[in-house]
Amino acid sequence: MTQRTRSGTSLRTRVFLVNAFVFVIAGTLLALTPATISVPSDLSETLVLAVGLTATVLLNLLVVGRTFAPLSRLIEAMERFEPLNADYRVPVYGNEREIVQLTKAFNDMLDRIERERRESVQRSLAAQERERQRVAQELHDEIGQSLTALLLQIEGLERSAAGEEREELAELRQATRDTLNQVRGVAQRLRPEVLDDLGLGKAISALCERLGEQSGIAIGCDIDPELPQLAPEAELVTYRVAQEALTNTLRHSGAQRAAVTLEHDGEDVLLTVADDGRGLGDADPGAGIQGMRERALLIGARFRIDPGEESGAVVRLRVDGRPWTARPVVNTGTEMTGTPPR
Amino acid sequence: MIRLLVVDDHAAVRAGLFGLLRREPGLVPLAACGSVGEALREARSLEPQVALIDFQLPDGDGLTLCRELKLLPKPPRVVIYSAFARPALAVAATLAGADGLVDKGVEVDDLFDAIRAVGRGEQALPPLEPEMITRCTARLAPDDVSVFGMLMSGTSIADTASVLSTNAQQIEDRLRGMLSDLLADSPRSQSAPS
């Protein structure tokens, strides 16, 4: 608020001027008309006095009210703010100095809160990723290795056994192999190394393939081969949103089909996950949806979840592929929820 | 007959593998070791034809061991046998000069086939997708990219050194640096993005 910008007169001056104006008019009327007041005043005098005073007060109310109107609009705009729309800033109404300053102070506060929120989400997401990585590592190195050892030993026994025993050992070996594959699957889900090594497109198609195989649900996967290169955090968020959306579909929606598309619109990358399940009707907007929203916010992406055209739900994520520095500063209050990704 | 050295840090895996290999005709496991140090000692004295090496070892990793083994007077051929599922491991193993890479999830007969192929002088490395090589290249220091390209296309360390008019030791050092760059953890989980 060091900046005393091109704001107009202050509210105090305005109210003062308005009052002075009204008083001067009333005083002038009093001086210029032949009206006099006797003591004690008679009825007609009292009536004139009452009308005059009422008119003065109403005039004052009207003019002062107009002066304060921008303040009410500002309050309304502030009330419209919702924390999930991080880009929203209150527009400046009017040019009274206090209102301009108040708006600016409010927007500055939003900036600070947004910055702190973003930092804390970043820290907690990084901690979450580290923890996932540690669990994946342990699953892989300890349980995975033990199962591998078991598998090799069963294999050894099987080779020296005969007849029925051999068949039983083969079954045992198969069961052990399935368990090993499950453990490796869990470890892989926790730590998407595929993302580092193969990139977002390949990682998401591998995800669709794996989840499709596991669940028996047909998961269509349409990946644009010409995607712009996203920052590593943006890739991770996009991958995690696809993973979470598909997991929700498989667990809760009772869907028979799901479709994932990853395409680009100029510099933006669009992820769409649609299914034909029960949709959002009775689902509570649980931690899954909140988690996707938080992750999207973190990278300044737009996240939406809508009912599908006929049934089911559609999750959409629009990620800005430009680096932070190349983006315009959004500072209007006209658009509340951003462009719905199409 | 293929003489083998088995290297794995997990005792039960080592034992199971050793037992299976001993039963398999044509394959002769000579010793089973649990660390890089032990493996190098055994390889020097036993001179195996093929070393079957796990990726994760207590005192280093399988690819570093692969490099050390390749510098021996009679270098064994190397098969990396790993549960480490990262796709980039295929690129790193190729760069490290391994002759084969087998996932611990495959059937044992496939492992034996790979060992026999490598023993015959063939390679048992998975195909490398161009996209994967591109992503891996992005993880390297810009100076290293030309060395990476030459080594990946099969140029020997000595030839690479003479083309870049430097010595083999320097190329070897850069190769090892690249191996750790290729398999480094993603920066994502290391620090908060800015």
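The questions below cover one chain's make-up, a helix pair, the contact between chains and a sheet.

Colleague: How many helices and strands are there in chain A?
Modeller: Keep in mind that this is a predicted model. From the N terminus, the elements of chain A run α-α-α-α-α-α-β-α-β-β-α-β-β. The count for chain A is eight helices and five strands.

Colleague: What share of the contacts in chain A with a separation of 6 or more comes from residues 24 or more positions apart?
Modeller: Start with burial: of the 342 residues in chain A, 27% are buried. Now take the contacts in chain A with a separation of 6 or more. Residues 24 or more positions apart make up 69% of them.

Colleague: Are helix 3 and helix 4 of chain A roughly parallel or roughly antiparallel?
Modeller: Two packed helices are described by the angle between their axes and the distance between the axes. For helix 3 and helix 4 of chain A, the axes lie 9 Å apart and the angle is about 165°. Angles over 145 degrees count as roughly antiparallel. Helix 3 and helix 4 of chain A are therefore roughly antiparallel.

Colleague: How many nonpolar residues does the contact of helix 3 with helix 4 of chain A have?
Modeller: Helix 3 of chain A passes helix 4 of chain A in a left-handed crossing. Their contact includes five polar and seven charged residues. The nonpolar residues in that contact number 17.

Colleague: Which helix of chain A gives the largest share of the side that touches chain B?
Modeller: The contact takes 32 residues from chain A and 27 residues from chain B. On the chain A side, helix 3 (97–160), helix 4 (163–190), helix 5 (193–198) and helix 7 (232–253) each supply at least two residues. By class, that side has eight nonpolar, twelve polar and twelve charged residues. The largest share, 18 residues, comes from helix 3 of chain A.

Colleague: Which are the edge strands of the open sheet in chain B?
Modeller: This sheet has five strands in the order 2-1-3-6-7, with parallel pairing. An edge strand pairs on one side only. In chain B, the edge strands are strand 2 (27–33) and strand 7 (100–103).

Colleague: In strand 7 of chain B, which residue is the bridge partner of B:Ser82?
Modeller: Strand 6 (residues 77–82) and strand 7 of chain B run parallel. Four bridges join them. In strand 7 of chain B, B:Ser82 has as its bridge partner B:Asp103.

Methods: Residues are numbered from 1 along each chain as its sequence is written. Chains are lettered from A and ligands numbered from 1 in the order in which they are written. This is a predicted model: local features need pLDDT of at least 70, side-chain atom pairs count only at pLDDT 80 or more; totals for chains, interfaces and linings use all residues. Two residues are in contact if their C-beta atoms, placed from the backbone, lie within 7 Å. Ala, Val, Leu, Ile, Met, Phe, Trp, Tyr, Cys and Pro count as nonpolar, Asp, Glu, Lys and Arg as charged, and the others, Gly among them, as polar. A residue is buried if 20 or more other C-beta atoms lie within 10 Å of its own, exposed if 12 or fewer, and partly exposed in between; C-beta atoms are placed from the backbone. Axes are lines fitted to C-alpha atoms, for helices over the stretch in contact, and angles run from 0 to 180 degrees between N-to-C directions. Angles under 35 degrees count as roughly parallel, over 145 as roughly antiparallel, 65 to 115 as roughly perpendicular and the rest as oblique. A crossing is left-handed if the near helix is turned anticlockwise from the far one by less than a right angle, and right-handed if clockwise. Two strands pair if DSSP finds at least two bridges between them.
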